[in-house]
Amino acid sequence: MPTWNSRGLRGSTLEEFINRTNEKYLEHKLALIQKIPTPITPINIDKETRHITLAYFDQKSTVDYIGTVQGIPVCFDAKECHTDTFPLANIHEHQVRFMEDFEAQQGVAFLIIFFSKRDEFYYLTYRKMRAFWDRAMEGGRKSFRYEELEPEYFLRPKPGLLVPFLDGLAKDLEHRD
């Protein structure tokens, strides 16, 4: 039986929190955000029950969520971090390219990071993530530290919303040209 800290279950709590938040946003007609299923390739299928019994995750998925907020296209990925240092290896090059292309089409791309040790959610703008990414590609740090983050993008709890990312989106939009 898998343990709760197994690699396969990592992030599932964060995604459940985001899914519930998305349901609330939809109820209040604020946003329509869908979870993008992780593509898998089945290896074995039980012929009687027609259930997949063995599969592997395809390497290239895009982001975890995509949708629209009051007419603004958004896409984002959910990441969990157990320390105060976030390894950029947790973000894949194809995801960075997808977010770059999404932003080029006037969409808004971002990450939601859950710092589990601190029980804090952070809205990481595409611009800031890209600055960290580019720094690493130029031979700099392959991670970023909690202290490097902009305090205004930490998501403060709200009644009925587990991950109030629309607050981060509003700030993100304010800081665009």
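Predicted model: local features only at pLDDT ≥ 70, side-chain atom pairs only at ≥ 80, totals over all residues.
**Notebook: rings, charges and a helix pair**

I began with a search of the whole structure for aromatic pairs, and it returned 15 of them.

Next I turned to Phe115 and Tyr146. Here the ring centres are 5.3 Å apart and the planes stand at 90 degrees, over the 60 degrees needed, so the pair goes down as edge-to-face. Phe115 is in strand 7, while Tyr146 sits in the loop between strand 9 (143-145) and strand 10 (154-155), so the pair ties together parts that are 31 residues apart in sequence. Phe115 and Tyr146 are each buried.

Which residues do ring pairs link into a cluster? I wrote down Tyr25, Tyr65, Phe76, Phe110, Tyr123, Tyr153 and Phe165.

**Charges over rings**

I then looked for charged ends over rings. Lys35 has its charged end over the ring of Tyr65, 5.6 Å from the ring centre. Arg118 lies over the face of Tyr146, with 3.6 Å to the ring centre. Tyr146 thus has two entries on my page, because it also forms the edge-to-face pair with Phe115.

**Glu120**

I stayed in this region for Glu120, which I found in strand 8. Is Glu120 buried or partly exposed? Its relative accessible area is 23%, so I have it as partly exposed. Leaving aside neighbours within four places in sequence, I listed its contacts as Ile113, Phe114, Phe115, Tyr146 and Phe154.

**Helix 2 against helix 3**

Helix 2 (residues 93-104) packs with helix 3 (residues 126-137) at about 140 degrees, and I noted 11 Å between their axes. That angle makes the two helices oblique to each other. Their crossing is left-handed. From helix 2, the contact is made by Glu93, Val96, Met99, Glu100 and Glu103; from helix 3, by Tyr126, Met129, Arg130 and Trp133.

**Arg20**

I looked up Arg20 in helix 1 (residues 12-27). Arg20 is partly exposed, at 48% relative accessible area. The C-alpha atoms of Arg20 and Val163 are 8.6 Å from each other, although 143 residues separate them along the chain.

**Whole chain**

I finished with the overall figures. I have four helices and 10 strands for the protein chain, and from the N terminus on they run α-β-β-β-β-β-β-α-β-β-α-β-β-α. Of its 177 residues, 37% count as buried. What share of the contacts between residues at least 6 apart in sequence join residues at least 24 apart? I noted 63%.

Notes:
Residues numbered from 1 in each chain as written. Heavy atoms only, no water. Phe/Tyr/Trp six-rings, centres within 6.5 Å; stacked < 30°, edge-to-face > 60°. Buried < 20%, exposed > 50% of the residue type's maximum accessible area, 1.4 Å probe, protein only. Lys NZ or Arg CZ within 6 Å of the ring centre and 35° of its normal. Axes fitted to C-alpha atoms, helices over the stretch in contact; angles between N-to-C directions. Parallel < 35°, antiparallel > 145°, perpendicular 65-115°, else oblique. Left-handed = near helix turned anticlockwise from the far one by under 90°. Contact = heavy atoms within 4.5 Å.
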